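Let us go through this structure by asking, for each label, what value stands behind it. Please keep the sequence and the model in view while reading.

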Amino acid sequence: MTESSLPPPRRDSLTDDLRWRGLIQDSTDPDELRGLLDGSGAAFYVGFDPTAPSLHAGHLMQVTTARRLQLAGHRPLLLVGGATGQIGDPKESAERTLNAPEVVAGWVSRIRDQLAPFVSYSGDNAAELVNNLDWTGEMSVVEFLRDVGKHFPVNKMLAREVVRARLESGISFTEFSYQLLQANDFFELHRRHGCQLQFGGSDQWGNITAGVDYVRRRGLGPVQAFTTPLVTRSDGTKFGKTEGGAVWLDPEMTSPYAFYQFWINVDDRDIGRYLRYFSFRSREELEALEKESAERPAGRAAQRALAEELTTLVHGEREMAQVVAASQALFGRGSLADLTPVTLRAALAEAGLVRLDHLPDVATLLKESGLVPSMKEARRVITEGGAYLNNERVTAVDAVPTAQDLLHGRYLVLRRGKRSFAGVEVAS
């Protein structure tokens, strides 16, 4: 991934744009926040705890919002929590698994790289990556309790919803103290970098307001904050999840093709919200896309537009071109030979990839791949002209592919009709 090249700053009201997109759920003083957002050059921060080797689709709300603020002339401080990532914000159900410091340090480095496409690290409002281990790691326990802890009334800490939910089942002091660490991050960033604004997901409101209050109690400020809504699906399932698990930004964990397909398959009920949340198209363009999708939902114009925009942003134009080429080639509208082995395998894995150690006839391949339920049905499909091998129609019921048919020496693409396809991987 390479650093993003940002277009010129916006000239309309950032606050109005954020509100139209539904990106401000809770906020501190609305008038002060508007003055800060609609001005220019304010330093702001958003944090990412390294609790996994990669960011996932759920983090896109924060990274794209950070990009919007930088486009409007503000200066991003992207905090990767080398300290807080070793502890973890409390969960409602149980204690988090604590990862070894060296593991967290490795994840910090990976996540820093993944943030690069979303912001620019040059110019008057250049983004800066910061790590809260730089100031937290230097503090002794006594310093932390004396300088930070004394400013936090326990009754307010207990009032936080996620803490209340854990009081009966039990919560460790480690997780209970997370709020103090995050609040201290805001103080340190304000003191060191002049940070005036923090934003995060709505589930972070208690931590964020604790930071605003802590900066005030230390005699600094004023500072402002807002939260973005949690991204949900209309059917109640968790955003950013597929049957195979989370949709990661790391191409080794979720391929660019699978990432693209996640957005292509967004429910029509959700696509309007997701466009406003994640797309950098203008209001007029988004409203036109929503109208087109409402009139012709089968065309999935809005889903394609968002899939192409986000895949390009996260993985780059070259990978995006391969993804589009794969999407077309698999349905007979392009050359399979032009696809790289990585892209081809990723696409076939999404559709269903069966692994074999030999080459049976095409009828058997259709059955083994799940495209047909029986050999009888496989023969019928071939006889009726509905079976394809590498986009070539199969006409003989007893046809057997040869080693020369293997794409990149190991793959076959099977298709039934126009829309159903599967892959075969043959062991060397």
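Q: Why does Glu377 count as buried?
A: In this predicted model, the relative accessibility of Glu377 is 17%, and buried means under 20%, so Glu377 falls into the buried class.

Q: What makes the pair of Glu377 and Arg416 a salt bridge?
A: The closest N and O atoms of Glu377 and Arg416 are 2.8 Å apart, and the cut-off for a side-chain nitrogen of Arg and a carboxyl oxygen of Glu is 4 Å, so the pair meets the condition. Glu377 lies in helix α19 (residues 375-383) and Arg416 in strand β12 (residues 411-416), so this pair ties together parts that are 39 residues apart in sequence.

Q: Is Arg416 buried, partly exposed or exposed, and how do you know?
A: Arg416 has a relative accessible area of 27%, and because the partly exposed class lies between the 20% limit for buried and the 50% limit for exposed, Arg416 is called partly exposed.

Q: Why is the contact between the side chains of Arg300 and Asp268 called a salt bridge?
A: The N to O distance for Arg300 and Asp268 is 3.6 Å, and the definition asks for a nitrogen and an oxygen within 4 Å, so the name applies. Arg300 is in the loop between α14 (283-295) and α15 (301-315), while Asp268 belongs to helix α13 (residues 268-278), so the bridge ties together parts that are 32 residues apart in sequence. Asp268 is partly exposed at 39% relative accessibility, and Arg300 is partly exposed at 24%.

Q: What makes the backbone of Arg300 worth a remark?
A: Most residues other than glycine have a negative phi. Arg300 is not a glycine, and yet its phi is positive, at about 50 degrees.

Q: How many salt bridges does a search of the whole structure find, and which residues are linked in a network of them?
A: The search finds 22 salt bridges. Arg345, Arg355, Arg410 and Glu425 are linked in a network of salt bridges.

Q: Why is Val141 called exposed?
A: The relative accessible area of Val141 is 63%, and exposed means over 50%, so the label follows from the value. Val141 has its place in helix α6 (residues 141-148), and together with Leu145 and Phe173 it forms a nonpolar patch on the surface, with about 340 Å² of accessible area for the three together.

Q: Is Gln179 buried or exposed, and how do you know?
A: Gln179 has a relative accessible area of 8%, and since the limit for buried is under 20%, the conclusion is that Gln179 is buried. This residue lies in helix α10 (residues 178-193), and, leaving aside neighbours within four places in sequence, Gln179 is in contact with Phe152, Met157, Arg160, Gly206, Asn207 and Ala210.

Q: What share of the protein chain is buried, and how many helices and strands does the chain have?
A: Buried residues make up 50% of the 428 residues, and the secondary structure of the chain comes to 19 helices and 13 strands.

Key: Residues are numbered from 1 along each chain as its sequence is written. This is a predicted model: local features need pLDDT of at least 70, side-chain atom pairs count only at pLDDT 80 or more; totals for chains, interfaces and linings use all residues. Side-chain values use heavy atoms; hydrogens and water are left out. Patches are made of residues with over 30% relative accessible area and no salt bridge: like charges are joined within 9 Å, nonpolar side chains (Val, Leu, Ile, Met, Phe, Trp, Tyr) within 5 Å. Accessible areas come from the Shrake-Rupley method with a 1.4 Å probe; for residues, only the protein chains shown count as cover. Helices (H or I, at least four residues) and strands (E, at least two) are DSSP runs, numbered from the N terminus. Buried means under 20% relative accessible area, exposed over 50%, partly exposed in between (1.4 Å probe, protein chains only). Contact means heavy atoms within 4.5 Å.
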